[in-house]
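Please find below a colleague's note on the structure under review.

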Amino acid sequence: MTDSTLATLEARLIRLEDARAVEQLKYHYAAHCDNSYDAEGIASLFTDDGRWIVDGEGGSNTGHDQIVAHFTQLPQKISWAQHYIINPQVDIADDGRQATGTFRLLCLCTIASTDGADGDKDAVILTVDYTDRFVKRDGRWYFQELRGTTHQVSNWDQGWVKQPFRD
């Protein structure tokens, strides 16, 4: 093999490893969410000025302090969740230090009831499309921005046909 061929193979391997690392970062995010919304764990995946923006059941938070505050209180509303991250599409920028990724979320969760007495809970299914931006710093990937667009949030017993969004 020529030096040129080896350099090309090495560059391709690095891009593949980076794409896989970005996917793993997203899966770590889901695992922290499924661990009672581990606020510190989630915030550790973001840059210091990282942004978490999700419509629907979410909100908008910038920086570690806001992200930690959001996820610290979230278990009061969502007491249990299983995040299934699917359809990863990761594009590594030419500079190898930035990336974008799109993912889909299918989430089963227990959320405080919207129409019952205090303490009542509903089994809920929700779906979200993510469009995220990532940066690589000191050899490690971080979220620069996690942005989610909610498709539906439906009580399990109603489904997304009868109840696309909970009241």
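1. Glu145 lies in strand 6, where helices (DSSP runs of H or I, at least four residues) and strands (runs of E, at least two) are numbered from the N terminus. The structure is a predicted model, in which local features need pLDDT of at least 70 and side-chain atom pairs count only at pLDDT 80 or more, while totals for chains, interfaces and linings use all residues. Residues are numbered from 1 along each chain as its sequence is written, and side-chain values use heavy atoms, with hydrogens and water left out.

2. Is Glu145 buried or exposed? Its relative accessible area is 8%, so Glu145 counts as buried; the term means under 20% relative accessible area, with exposed meaning over 50% and partly exposed in between (1.4 Å probe, protein chains only). The side chain of Glu145 makes a polar contact of 2.9 Å with the side chain of Arg51, and another, of 3.3 Å, with the side chain of Arg147. A polar contact is a pair of N or O atoms within 3.5 Å; within protein, one must be able to donate a hydrogen and the other to accept it, and residues adjacent in sequence count only if both atoms are side-chain atoms. Beyond its neighbours within four places in sequence, Glu145 is in contact (heavy atoms within 4.5 Å) with Arg51, Ile53, Thr131, Asp132 and Arg133.

3. The chain as a whole has four helices and six strands, arranged along the sequence as α-α-β-β-α-β-β-β-β-α. Its C-alpha atoms fill a box of roughly 70 × 35 × 20 Å along the principal axes. Of the 167 residues in the chain, 40% are buried. Among contacts between residues at least 6 apart in sequence, 54% join residues at least 24 apart.

4. Which residues have the most contacts inside the largest nonpolar core? They are Tyr29, Phe71 and Tyr130, in a core of 38 residues. Elements giving two or more residues to this core are helix 1 (3-34), helix 2 (39-43), strand 1 (46-54), helix 3 (63-73), strand 3 (78-92), strand 4 (98-112), strand 5 (121-137) and strand 6 (140-155). Such a core is a set of buried Ala, Val, Leu, Ile, Met, Phe, Trp, Tyr and Cys residues joined through side-chain atoms within 4.5 Å. With neighbours within four places in sequence left aside, Tyr29 is in contact with Ile42, Leu45, Trp52, Phe71, Tyr130, Phe143 and Leu146.

5. The structure accordingly holds zero disulfides, a disulfide being a pair of cysteine sulfur atoms within 2.5 Å. Cys33 is buried, at 1% relative accessible area, and Cys107 is buried at 2%.

6. A search of the whole structure finds one cavity of 30 Å³ or more, and about 200 Å³ of space lies in the largest cavity. Its lining comprises 19 residues, of which Tyr37, Trp52, Val54, Ile78 and His83 are the closest to its centre. Strand 5 gives the most to this lining, with three residues. On a 1 Å grid over the protein atoms alone, a cavity is a set of points where a 1.4 Å probe fits but cannot get out, and lining residues have an atom within 4 Å of a point. Grid points are joined across faces, edges and corners, and the volume is the space filled by probe spheres set on the points.

7. Thr72, in helix 3, is exposed, with a relative accessible area of 51%. Its side chain reaches the backbone oxygen of Val68 at 2.6 Å. The C-alpha atoms of Thr72 and Lys162 are separated by 32 Å, the two residues being 90 apart along the chain.

8. Two loop residues complete the note. Ser113, in the loop between strand 4 and strand 5, is buried at 17% relative accessible area. Not counting residues up to four places away in sequence, Ser113 touches Asp120, Lys121 and Asp122. Gln158 is in the loop between strand 6 and helix 4 (159-162) and is partly exposed, at 35% relative accessibility. Its C-alpha atom is separated by 16 Å from that of Asp120, 38 residues away along the chain.

Notes. 1 Å grid on protein atoms, 1.4 Å probe; cavity = no way out; pocket = protein on both sides within 12 Å on 5 of 7 lines; lining within 4 Å.
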